[in-house]
Structures are given as C-alpha cells and as structure tokens.
Amino acid sequence: MTTDLSPLWISLKTAGLATLFTFFTGIAAAHWMLNYRGRWKSLIEGIFVSPLILPPTVVGFLLLLLFGKNGPLGQLTALFDFTVIFTWYAAVIAATVVAFPLMYKTALGAFEQVDRSLLQVAETLGASKGRIFWQVLLPLSAPGILAGTMLAFARALGEFGATLMLAGNIPGRTQTIPMAIYFAVEAGAMNEAWLWVTVIMTISLSGIIAVNLWQKQYERKIRGKQFGGVEANEPVHGSDRNDYTQILPLAKPHLSHLGQGLLVNIEKQLANFTLSTAFTSEQETLGIMGGSGSGKSMTLRCIAGVETPTQGRIVLNGQTLFDSEKQINIPSHQRKVSLVFQNYALFPLMTVSQNIAFGLQHLPKETRSQRVKQQLGRLQLQGLGDRYPHQLSGGQQQRVALARALATEPEVLLLDEPFSALDTYLRAHVECQLIETLSTYSGVTLFVTHNLEEAYRVCEKLMVMSGGKAIAFDSKHRIFEHPGTIRVAQLTGCKNFSRARVIGENTLEARDWGVTLQVVEAIPDDLADVGIRAHQISIMPNPNPSLNNTFPCWLASTSETPHRMTVFLKLNAVCQNSQDYHVQAEIFKEKWEAIKNHPFPWYVRFDPLRLILMIN
C-alpha cells in the first residue's frame with residue numbers, strides 16, 4: 001500500500017505557519033519586556049511562559065474553552081459563519097501557542113546578552129528606537145533568535161496534546177505526524193510509526209545541527225578568529241593648557257547672559273545614595289573626578305539622556321534638555337550630545353567607516369562619505385575604514401569611538417574614562433591625540449577619570465564628586481593646590497594629613513605629627529587640618545638651620561615603583577615598627593640612592609608654600 005504523506009505536509013504547513021507567527025510575536029514581546037519596568041512584569045512573564053509549563057492537554061483544553069462554540073472567540077467567529085475547532089487552522093493556533101514561549105524566552109535572552117552600552121551610544125548618535133532595533137539589537141541577537149526560531153519550529157512540529165484537543169485527528173485535514181505516530185502504534189502498524197518517527201527526528205535534528213553550525217561560524221566572524229594583523233603603533237601629538245582662576249564656592253549654577261554652555265542641576269535617587277550635582281561648563285574641558293560609585297558616570301548618562309534624573313534641569317546652549325517641573329525630557333537622539341563609553345561600544349558587525357557614519361544617516365550619501373573621510377584623517381585612522389573593531393588595537397578602537405562621537409558635530413562631548421581599557425604605553429599616546437583633538441573642538445567636553453595626572457594634563461577645570469555630590473569646582477591648579485577639605489585632598493592624591501590647631505598669625509600645630517609649622521597662606525578661622533603631598537616633602541641627610549619647618553625623622557618602611565621610592569617616616573622619634581610613621585614621601589630613585597646609606601636621623605622639610613590648610 002502507498003503511504004499517505006498527508007501528515008508530513010500538514011505538519012510542515014502548520015509548523016511553518018506557527019513558527020512564522022511566533023517569530024514576530026515572540027520577538028515583539030521580548031523587545032517590549034526588555035524595556036518594561038512596570039509592576040505587572042512578573043505576571044506578564046508568567047502568562048507568556050505558561051504554555052511551556054502547563055501540560056499540553058491543559059493548554060488544549062483552555063484553547064477549546066476559548067475557541068469553542070460557547071467561548072468568546074468561538075462566538076465571535078460564529079458571527080461570520082466560521083469555526084476554528086477541528087480545522088487545520090486550529091492546529092496552527094495550538095502549535096503557535098505552545099511554541100511561543102520558546103521563541104519569546106530565547107529572543108529575550110539574546111537581547112539581554114547584547115551590551116546595553118551599544119544601544120545607549122546609538123541613541124546618543126541620533127538613532128531612533130526603531131533604527132536601533134533593526135541595525136544594532138536585532139543583528140547582534142541573530143544567533144540566539146535563529147536558535148529560538150528552530151526550537152519553536154521543532155516544538156510546533158512535535159505538538160500533540162493541544163492539537164488533539166483543539167483540532168482533533170482528522171486524516172488528510174488535521175492529522176499531523178505526532179498523531180499519525182500515536183494512532184499507528186495504537187493500530188499496531190509499527191513500520192508506519194517508525195517511518196514517521198524517523199521523518200520527524202530527521203527534520204528536527206537537521207535544523208538544529210544546521211543552526212549550531214551557522215552559530216559557530218557567526219561567532220568566529222564576530223570574534224575575528226579568521227583575522228589578524230592588528231596594528232598597535234600609536235602617533236604622539238599634543239599640548240597642555242594652563243588655567244588659573246580664583247576659587248569659587250559651589251552655588252546654584254547659572255549660564256552666561258548669552259545662554260551658551262551647559263547647565264546641570266539634577267538629582268537622581270539611586271540604590272545606595274542620591275546623586276545631587278549642580279555645575280555649569282562653557283567651551284572647555286571639565287574633568288570630573290571622584291571615587292568609584294560617586295556618581296560621575298551617572299551624571300554623564302543623565303546629560304546624554306540614557307538615564308532620567310528624578311528632578312532638576314539640564315540646559316544646553318539655551319535649550320532645555322530636561323526639566324522635571326515643566327515635564328520636559330528631550331529624547332537622547334535629539335540632544336546633540338555624544339557619549340564615549342569606557343568600553344568604546346563600537347558596533348562589532350560594522351566596519352570603522354560604518355561606525356563613524358552611523359550617526360550621519362540624515363545626510364546625503366556624498367556628504368556622509370566626506371564627513372567619514374574627514375574624521376578618519378583627523379584621528380589618524382587612514383587605511384582602517386574597512387576594518388572591523390576586532391581587527392583594531394585598543395588605541396585605534398578608542399580613536400574610532402572618538403571619531404564616531406565627533407562626526408555628528410555634538411554640542412557636548414562626554415568621555416567616560418576613555419583610557420581605562422588601555423595599557424600604559426597606549427594610554428600615553430592616545431592621551432596626546434585626545435588633547436590635540438579637543439584643542440580644536442568648539443563644544444563642551446566633560447571628561448570622567450579617576451587618574452589624577454590624566455585629569456591634570458587633559459582638563460582645564462575640575463569638579464570633584466563624593467557620595468553623589470560635587471564637593472569642589474575650580475581650575476585644576478586651584479583644586480590641586482588648595483583643595484579646601486580633606487575629602488577633596490584625598491581624591492586629588494594627597495596622602496599626608498594631620499589635625500591642626502592655630503598657635504599664632506602664621507603658626508599652627510600639626511597635632512598628629514607632633515610639630516609646629518610656619519605657613520605663608522592666611523590661616524582660616526575654622527582651620528581643621530593641615531596636609532602636604534608626598535612628592536612635595538624634601539628629605540635631607542643633614543639639617544639646614546636656614547630652613548624652617550625642618551625636623552629629624554627615622555625610616556619606618558619603603559615601597560618601590562619603577563621610578564620612585566615611597567618612604568614612610570616618623571618625625572622626632574625612632575620607629576617602633578613598619579606601621580609607626582607620620583608621613584610618606586615620594587622621591588626619585590637617584591635621590592634614594594644618594595641618601596639611603598646615610599645614618600639616622602635624616603631630616604624632612606615641609607615647605608610653607610606647599611602646606612595645604614583645610615577646613616571641615
């Protein structure tokens with residue numbers, strides 16, 4: 001007898017249509033849930049995955065209640081003289097429902113694996129949410145989505161219980177392969193059952209194997225295993241700039257009468273603290289320093305629009321970007337603010353040129369091409385336009401990220417620790433390139449860093465943050481020379497502190513060091529502490545009677561770096577152990593070699609011009 005092949009065609013038809021439906025509905029649901037933060041998220045998630053948890057017969061029973069003649073959808077279709085149950089449409093519906101959770105969960109997992117910074121940087125480059133989805137999120141999620149599609153197809157192909165309940169077992173109409181297997185076994189036709197088992201296993205396993213092979217090839221392409229020849233030569237250019245202004249107290253910020261510049265006055269409630277910062281910046285490079293978790297990066301994200309403050313205002317060149325009272329919150333892609341992330345966030349499936357051109361899609365093709373060539377030349381990336389990010393050195397990736405940010409001609413450039421992923425050699429070279437690039441940039445630059453020397457070389461002014469608040473704002477010279485408080489001094493690298501008490505007009509007692517010091521700076525009435533930076537302490541083998549603030553000292557311990565020695569010293573007495581010291585001083589190794597064999601006591605001098613007077 002000729003084998004009836006209708007179960008094969010019915011199964012392929014129903015599974016194919018079910019997979020098509022679950023592909024679009026599953027991806028749409030996953031994308032929505034990726035960004036949904038409402039109170040009903042857990043309930044919605046439970047509903048979406050329930051067909052995966054419930055027995056198929058239960059799912060079929062519920063569908064029967066829904067589409068049966070007394071069900072709400074059954075009564076609705078009856079108005080059009082149409083019924084769903086016991087038709088091949090019912091088989092498609094049942095397969096779609098049971099396959100949906102696999103597509104949804106796999107797509108959601110694939111979306112969650114995509115680096116969020118890639119989506120956020122795309123926003124700051126002017127891309128709409130739709131464009132970000134199609135050009136960034138979906139391509140990067142392709143392996144997971146393809147796997148979900150194949151799993152959904154295999155699940156739809158093998159569906160039995162829900163289909164039997166809703167569509168029945170009508171040969172030539174609703175009898176799928178699983179039903180053909182079941183009823184063949186029931187009738188004792190084992191050869192026929194084996195045939196259909198072989199067919200369904202072949203189809204399912206072939207699809208899964210094909211997807212796995214494609215995924216491996218796709219991953220090799222992204223990771224660049226087939227590429228080589230990374231160039232790491234970095235050019236050296238740059239200059240430093242100086243600025244010296246009178247120290248200004250932190251106050252409510254305001255813009256100039258022309259309304260040019262950036263005004264930030266925001267609060268945002270976070271898990272561990274409240275970010276509350278207020279400052280203004282004009283056409284300059286403002287460095288933002290502070291410890292980990294002080295709110296530096298969150299401040300940039302709020303300005304860029306990828307995070308929303310709880311309250312406050314952000315104004316850029318006279319345009320309000322955010323105002324909680326007026327309910328203004330301009331989308332990130334409309335703010336003309338570019339953010340360079342710590343990890344650069346280059347789009348891995350795009351070439352260097354495509355990365356730079358990503359924010360220029362509104363321009364004509366010729367103009368866009370010219371702008372890309374201009375940025376490649378400006379950042380010394382000639383010849384790298386056709387490479388992918390994985391084919392670049394760390395320094396080259398950093399410059400591509402900067403070129404991409406500058407290509408959109410933003411009014412504010414936000415740099416979030418752009419050198420942290422570079423080694424020492426590349427850091428120095430790329431830093432010089434950045435300084436040169438920023439010297440011709442006409443907008444506002446905010447530069448987040450925790451590296452003291454880096455901030456001093458790159459920035460004109462500094463803002464120091466602690467616990468979510470700005471605790472100092474001034475020129476870099478004044479911040480380092482007159483930090484004002486212990487916390488600011490600590491965050492700018494000072495390591496030597498002592499409680500202080502005023503003795504005379506220019507004399508104070510450093511109580512923790514047990515010495516009396518002469519100072520040049522006027523002593524504030526609310527003096528609390530005195531400090532001095534480690535590299536500003538002078539060490540001598542013999543006393544010099546003509547120099548004030550000179551005291552005998554003994555060595556407690558040392559710490560060595562490639563070029564300097566840190567020596568821990570106790571004043572006016574012999575050390576009892578390695579932790580028994582008052583101050584630490586940094587000296588070059590040449591100086592160390594000249595002094596290390598001299599007998600104790602040595603002598604230290606605290607230059608009155610270098611002493612830091614601090615208030616509470």
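Contact here means heavy atoms within 4.5 Å. Keep that cut-off in mind for the whole tour.

This is a predicted model, in which local features need pLDDT of at least 70, side-chain atom pairs count only at pLDDT 80 or more, and totals for chains, interfaces and linings use all residues. Residues are numbered from 1 along each chain as its sequence is written, and side-chain values use heavy atoms, without hydrogens or water.

**Stop 1: the domains**

Color three ranges: domain 1 (5-223), domain 2 (262-482) and domain 3 (494-615). These bounds come from an automatic or database domain assignment. The C-alpha centres of domain 1 and domain 2 lie 43 Å apart. Their contact takes 21 residues from domain 1 and 23 residues from domain 2.

Next, select residues 8-209. UniProt lists them, in an unreviewed entry, as "domain: ABC transmembrane type-1". Such annotations may be inferred rather than shown by experiment. The span is 79% helix and 0% strand, and its end C-alpha atoms lie 21 Å apart. Helices (H or I, at least four residues) and strands (E, at least two) are DSSP runs, numbered from the N terminus.

**Stop 2: F347 and the cores**

Select F347. What does F347 touch, leaving aside its neighbours within four places in sequence? It is in contact with L118, V121, A122, L125, V136, N355, F358, P389 and R404.

Now widen the view to the largest nonpolar core, which has 80 residues. A nonpolar core is a set of buried Ala, Val, Leu, Ile, Met, Phe, Trp, Tyr and Cys residues joined through side-chain atoms within 4.5 Å. Buried means under 20% relative accessible area, exposed over 50%, and partly exposed in between, with a 1.4 Å probe and protein chains only. Show Y104, V136, L262, F279, F347, L414 and L446; these touch the most other members. Domain 1 (5-223) and domain 2 (262-482) each give this core at least three residues. A second, separate core has 43 residues, including L381, L402, L415 and F447.

**Stop 3: the pocket and the cavity**

Both come from a 1 Å grid over the protein atoms alone: a cavity is a set of points where a 1.4 Å probe fits but cannot get out, a pocket is an open set with protein on both sides within 12 Å along at least five of seven lines, and lining residues have an atom within 4 Å of a point. Grid points are joined across faces, edges and corners, and a volume is the space filled by probe spheres set on the points.

Select L452, E453, H535, R564 and E586. Of the 33 residues lining the largest pocket, these lie nearest its centre. The pocket holds about 1,200 Å³ of space. Helix 16 (424-438), helix 17 (452-458), helix 18 (476-481) and strand 19 (583-588) each give two or more residues to its lining.

Then show S11, T14, A91, A95, A156, L157, E159, T163 and T176, which line the largest cavity. Its volume is about 50 Å³. Helix 1 (6-35), helix 5 (88-113) and helix 8 (142-157) each supply two or more of the lining residues.

**Stop 4: backbone details**

Most residues other than glycine have a negative phi, and most peptide bonds are trans. Go to E409, where phi is near 55°. E409 sits in the loop between helix 15 (394-407) and strand 8 (412-416). Phi of N549 is also near 55°. Is N549 buried or exposed? N549 is buried, with a relative accessible area of 5%, whereas E409 is exposed, at 54%.

Finish at F600 and P601. The peptide bond between them is cis, with omega near 5°. P601 lies in the loop between helix 20 (589-595) and strand 20 (602-606).
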